[in-house]
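Below are some notes for a colleague who is opening this model for the first time. Please read them with the structure in view.

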Amino acid sequence: MHSVSERFDFTGDELAPAYRAAVDAIEAGDLVVLPTDTVYGIAADAFKADAVQRLLDAKGRGRDMPPPVLISVVESLEALATDVPEAGRKLCEAFWPGPLTVICHAQGSLMWDLGDTQGTVALRVPDHENTRELLSRTGPLAVSSANLSGQPAALDVYDAEAQLLDTVAVYLDGGPVTGGQPSTIVDLTGDVPHVVRIGALSIQQIREIVPETTTDLEPDEKPADEQPADEKPADEKPADDKLEEQQQDGQPTDEKVQDEPTKAAPVASNEQTADDKPAEERPADDKPTDVAKLDDKAPDVRPAD
């Protein structure tokens with residue numbers, strides 16, 4: 001086992017030392033931190049049970065939370081999973097490489113121990129060229145986010161190193177990741193695909209490929225076409241941006257209503273003072289006219305419901 005962690009540049013053209021160190025570490029049963037298209041991951045040989053346990057220990061995680069497995073090409077799906085429905089294949093073909101993780105029935109002949117998987121395996125092809133090349137050299141890797149359990153996922157190698165310290169043999173520095181969101185997880189073990197975690201891919205994107213996809217998370221998604229027009233300006237970001245939804249919820253429409261009558265009062269006052277006649281010389285029928293003008297403005301101050 002390793003004694004001192006090493007960090008290697010994982011960018012540019014001079015990648016040979018990084019590949020060599022990472023492959024050696026994986027073959028020795030050690031851990032490697034690597035960049036993906038979503039967040040940084042901590043990796044171990046998927047077929048070495050002691051290495052996978054070392055990964056879980058490094059994160060402070062139990063066997064009840066088995067890590068997903070990263071593969072280099074879509075074709076490896078058939079070698080690791082069985083009974084993959086046609087709808088699931090369509091999703092993989094559409095979004096791999098990319099931020100889609102699929103839960104499948106694992107091939108029964110595989111000699112591995114990822115934890116308490118209940119006979120399933122979660123698979124993904126990352127959209128990171130150098131990491132896919134490493135996967136082609138090491139074979140499937142058990143990979144979880146490079147952070148201590150309960151802490152935010154690492155978005156650069158230094159954050160990962162600060163959390164995982166010398167539990168990792170090799171750190172591959174690919175620079176800050178551009179994704180930042182975890183992958184969307186779809187369960188393919190049932191009759192139809194079922195989204196169990198919403199990440200970088202939205203429900204709408206998944207359903208563009210497989211319309212019958214189900215989820216228990218849909219209330220949190222709040223599709224744009226279900227929002228009233230007066231609650232969502234045309235230039236607003238998608239409704240699944242929870243930060244913007246919280247900002248909108250923080251400003252009730254009845255607060256706006258309270259402000260409007262204050263603005264309407266000077267309008268009536270200005271219309272009266274603009275008239276050259278003193279108030280006592282005005283004909284009585286002039287006053288209803290002013291009231292009519294105020295009534296015309298009334299629709300502008302109704303609650304936006």
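1. Arg 63 and Asp 113 form a salt bridge, with 3.2 Å between the closest N and O atoms. The pair links distant parts of the chain, 50 residues apart. Arg 63 sits in the loop between α2 (49–59) and β4 (69–70), and Asp 113 in the loop between β6 (100–106) and β7 (120–124). Note that the model is a predicted one.

2. Are these two partners buried, partly exposed or exposed? Arg 63 has a relative accessible area of 33% and is partly exposed. Asp 113 is also partly exposed, at 29%.

3. A second salt bridge joins Arg 89 to Glu 78, where the closest N and O atoms are 2.0 Å apart. Arg 89 belongs to helix α4 (residues 86–95) and Glu 78 to helix α3 (residues 76–80), so the bridge ties together parts 11 residues apart in sequence. Arg 89 is partly exposed at 24% relative accessibility, and Glu 78 is partly exposed at 40%. As for networks, salt bridges with shared partners join Arg 63, Asp 113 and Asp 116 into one.

4. How many salt bridges does the structure hold? The count is 8. One of them pairs Arg 7 with Glu 161, the closest N and O atoms being 3.0 Å apart. This pair, too, links distant parts of the chain: Arg 7 is in strand β1 (residues 6–9) and Glu 161 in helix α6 (residues 157–164), 154 residues apart. Arg 7 is partly exposed, with a relative accessible area of 42%; Glu 161 is partly exposed at 22%.

5. Thr 38 lies in the loop between β2 (32–34) and β3 (41–45). Thr 38 counts as buried because its relative accessible area is 6%, and the cut-off for buried is under 20%. Its side chain makes polar contacts with the side chains of Thr 36, at 3.1 Å, and Arg 124, at 3.3 Å. Beyond four places away in sequence, the residues that Thr 38 touches include Pro 99, Arg 124, Val 177 and Ser 183.

6. Leu 217 is placed in the loop between β12 (214–215) and α8 (218–221). Leu 217 is partly exposed, at 26% relative accessibility. Which residues does Leu 217 contact, leaving aside neighbours within four places in sequence? They are Val 195, Val 196, Arg 197 and Ile 198. The C-alpha atoms of Leu 217 and Ile 203 are 9.0 Å apart, and these two residues are separated by 14 residues along the chain.

Note on methods
Residues are numbered from 1 along each chain as its sequence is written. This is a predicted model: local features need pLDDT of at least 70, side-chain atom pairs count only at pLDDT 80 or more; totals for chains, interfaces and linings use all residues. Side-chain values use heavy atoms; hydrogens and water are left out. Helices (H or I, at least four residues) and strands (E, at least two) are DSSP runs, numbered from the N terminus. Buried means under 20% relative accessible area, exposed over 50%, partly exposed in between (1.4 Å probe, protein chains only). A polar contact is a pair of N or O atoms within 3.5 Å; within protein, one must be able to donate a hydrogen and the other to accept it, and residues adjacent in sequence count only if both atoms are side-chain atoms. Contact means heavy atoms within 4.5 Å. A salt bridge is a side-chain nitrogen of Lys or Arg within 4 Å of a carboxyl oxygen of Asp or Glu.
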